[in-house]
Amino acid sequence: MQPYYSIAQNYGFANYMFQTNQGPSFIAHQFILSGTSAPSGTVGGTDYDYFAAENPSNEKDTGCAGSSTSVWMINQNGQESGGNGPNAVAPCFTHNSLPTLLDENGLSWRYYAYKSGAKGIWTAPNGITEICWPLTDGPDSQCGGSDWVNDVVLDPHKVLSDMGYNSSPCNLANVSWVTPNGDSSDHPGFQGVENNSLSTEGGPA
């Protein structure tokens with residue numbers, strides 16, 4: 001908890017600063033990008049009776065272009081269901097996201113993804129239909145939407161040059177999401193190592 005207290009003491013703290021975490025990494029990153037892990041619908045609608053609750057079965061091949069079949073859901077009473085049940089959903093959601101609002105207001109954005117890659121559970125835009133679609137053709141389908149192509153950066157080190165590091169001109173978007181490497185994340189098991197696996201515990205990196 002200490003990093004969060006340090007942020008509050010040095011910068012400020014607000015109720016909406018951090019996501020409501022109802023599950024592990026896939027869910028946490030959906031909240032950071034969209035403020036929800038509900039699969040679709042509008043606030044107050046029945047789809048918001050359920051939220052995605054767990055990581056997809058294949059953490060490295062998920063989202064709209066992934067082959068994972070479903071994610072478990074949790075209802076307002078804290079009851080989870082999934083597998084082949086009626087409340088399991090594909091990890092490809094149709095709700096609005098913060099990029100939706102930014103696009104509508106002519107503001108630029110960029111998402112710098114960690115090395116989990118295009119279909120990893122830490123690459124939140126891969127789970128949003130309007131960002132990912134249309135998919136590219138072929139046996140190894142990939143996200144191909146215009147927002148994905150123009151605003152999702154799969155090399156997180158690119159943020160350094162976009163910030164003007166090493167005398168480069170600043171090219172930051174109006175809003176940026178930066179997923180740090182394991183050593184700089186809130187996953188204590190990653191400290192001091194470059195881990196190629198993905199954690200199934202904890203919140204956003």
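User: Is Cys-64 buried or exposed?

Analyst: This is a predicted model. Burial is judged from relative accessible area, and a residue is called buried when the value is under 20%. Cys-64 has a relative accessible area of 10%, so Cys-64 is buried.

User: With which residue does Cys-64 form a disulfide?

Analyst: A disulfide is a covalent bond between the sulfur atoms of two cysteines. Here the partner of Cys-64 is Cys-92, and the two sulfur atoms are 2.0 Å apart. The pair links distant parts of the chain, 28 residues apart: Cys-64 is in the loop between strand 1 (50-52) and strand 2 (73-75), while Cys-92 is in the loop between strand 3 (80-81) and helix 3 (98-104). Cys-92 is partly exposed, at a relative accessible area of 22%.

User: Why is the disulfide of Cys-64 and Cys-92 right-handed?

Analyst: Handedness is read from the torsion about the S-S bond. For Cys-64 and Cys-92 this torsion is about 90 degrees, so the disulfide is right-handed.

User: How many disulfides does the count come to, and which pattern do they follow?

Analyst: The count comes to two disulfides. With bonded cysteines counted along the chain, the pattern is 1-2, 3-4. The other bond joins Cys-132 and Cys-143, with sulfur atoms 2.1 Å apart. Cys-132 lies in helix 4 (residues 129-132) and Cys-143 in the loop between helix 4 and helix 5 (146-151), so this pair ties together parts 11 residues apart in sequence. The link of Cys-132 and Cys-143 is left-handed, with -90 degrees about the S-S bond. Cys-132 is buried at 0% relative accessible area, and Cys-143 is buried at 7%.

User: Where is Pro-134 placed, and what is the peptide bond from Trp-133 to Pro-134?

Analyst: Pro-134 is in the loop between helix 4 and helix 5. The peptide bond that leads from Trp-133 to Pro-134 is cis, with omega near 0 degrees.

User: How many of the residues of helix 2 are buried, and what do they pack against?

Analyst: Helix 2 (residues 25-34) is mostly covered, with nine of its 10 residues buried. Those buried residues pack against strand 1, helix 3, strand 4 (109-112), helix 4 and strand 6 (175-178). Gln-30 belongs to helix 2 and is buried, with a relative accessible area of 0%. A polar atom of the Gln-30 side chain lies 3.1 Å from the backbone oxygen of Ala-124. Helix 2 is followed by Gly-35, whose phi is positive, near 75 degrees.

User: Which residues does Lys-119 form a salt bridge with?

Analyst: Side chains of opposite charge can pair when their charged atoms come close. Lys-119 forms a salt bridge with Asp-61, where the closest N and O atoms are 3.6 Å apart. Lys-119 lies in the loop between strand 4 and helix 4 and Asp-61 in the loop between strand 1 and strand 2, so this pair ties together parts 58 residues apart in sequence. Lys-119 also forms a salt bridge with Asp-140, at 3.0 Å between the closest N and O atoms. Through shared partners, Asp-61, Lys-119 and Asp-140 are joined into one network.

User: How many salt bridges does a search of the whole structure find?

Analyst: The search finds four salt bridges. Among them is that of Asp-162 and Arg-110, at 3.4 Å from N to O. Asp-162 is in helix 6 (residues 158-162) and Arg-110 in strand 4, 52 residues apart. Both Asp-162 and Arg-110 are buried.

How values were computed. Residues numbered from 1 in each chain as written. Predicted model: local features only at pLDDT ≥ 70, side-chain atom pairs only at ≥ 80, totals over all residues. Heavy atoms only, no water. Disulfide = S-S within 2.5 Å. Helix = DSSP H or I, 4+ residues; strand = E, 2+ residues; numbered from the N terminus. Buried < 20%, exposed > 50% of the residue type's maximum accessible area, 1.4 Å probe, protein only. Contact = heavy atoms within 4.5 Å. Polar contact = N/O pair within 3.5 Å; in protein donor to acceptor, adjacent residues only side chain to side chain. Salt bridge = Lys/Arg side-chain N within 4 Å of Asp/Glu carboxyl O.
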